[in-house]
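I set out to look up a few things in this model, beginning with a single side chain and its surroundings and then widening to the whole chain. My entries follow in the order in which I made them.

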Amino acid sequence: MSIKIYGDPGSGSRRRVTSAAAAMGIDIEIVNVDLFKGESHTPEFLELNPHGLSPVMVDGDFVLYEAAAINLYLAEKAGSDLAGKTTREKYEILQWMFWSGEQWRIFATLTFDEVLGKRFMGRPADETIVRLAADKIRAGAAVLDAHLAKHHYIVGDRLTLADFDIAGPFSQNERTKIPLNDFPNLVAWQQRLLDTVPAWAETKREVDERIDGALAGAGIKL
C-alpha cells in the first residue's frame, strides 16, 4: 500500500513534503486537494485533519499532518540521513525546523494570506500586518544570511530536512514580495537548491503553474 500525501499543488507545504520524499527516494501517491474549492473543509478531509489544512499523510491506518512531522516520519521510515547522521546533527536539524515553524514560515504564510488570500475574497490587505510580517522576516533573514555566508546548506554543509523547511517561503516570495531577495547569501542558497535538487526545481514549476493559473482565472494582477 502506497503512502498517500493529500494537498494542493500550489501549497509550499505540500512542496516541502513531495520534494523531500523524492530526494529520499520514497514512492508516494499524491492526492490533490483543491484549496480554492474548499476541499480541505469537506467532512471527509476534516476526518484526516480537523484543522482543515494540508498536507496530510496517510500510511495504512496511520494519519499524520504538519509537513515537518511528515518529513521526519518519512526519513525514519526510509532510514534517510536527511534527518541527521549523528545525534548532534539530528538536533541541529530539529533546531532549525522548529525555528522555521515558529519564527520564519509563519510570517511568510501570514503575508500570503493578507496579500493574496484576501485578494481572492475581494478584500484589501491589512498593511499593518504586512509590515509586521516583513519586519519579522527581515530579522530572520539577516540571521540566515550571516549563517549562509559560511555554509552551503543549513546544517552540516549538505542537504537535510532543515533546508526544505526553511526554503518553503521561496515558493511564493515573487508574488507576495516578502523581502527575501534583499539577502544575497539566502538567494544564492535557494538557487543552489534549485540547481542541485531536481525535485525542488520541479515542485517550483508546479507551484508557479498552480498559483499563477488561479490568479489569472480570478482576474487578479499583481
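I began with R105, which counts as buried at 16% relative accessibility, where buried means under 20% relative accessible area, exposed over 50% and partly exposed in between, with a 1.4 Å probe and protein chains only. R105 lies in helix α4, and I note that helices (H or I, at least four residues) and strands (E, at least two) are DSSP runs numbered from the N terminus. Leaving aside neighbours within four places in sequence, I found R105 in contact with R16, M97, S100, D165 and P169, contact meaning heavy atoms within 4.5 Å.

Before going on I wrote down the basis of these values: this is a predicted model, in which local features need pLDDT of at least 70 and side-chain atom pairs count only at pLDDT 80 or more, while totals for chains, interfaces and linings use all residues. Residues are numbered from 1 along each chain as its sequence is written, and side-chain values use heavy atoms, with hydrogens and water left out.

Next I followed helix α4, which covers residues 87–120 and has a kink of about 50 degrees centred on S100; the bend at a residue is the angle between axes fitted to the seven residues ending there and the seven starting there. S100 is also one of the contacts of R105. Just after α4, I saw that G122 takes a positive phi of about 70 degrees.

I then turned to P184, which lies in helix α8 (residues 184–196) and counts as exposed at 56% relative accessibility. The C-alpha atoms of P184 and A149 are separated by 9.0 Å, although the two residues are 35 apart along the chain.

Along its principal axes the C-alpha trace spans about 50 × 45 × 25 Å.

Of the 222 residues, 50% count as buried. Last, I looked at contacts with a separation of 6 or more, and residues 24 or more positions apart account for 67% of them.
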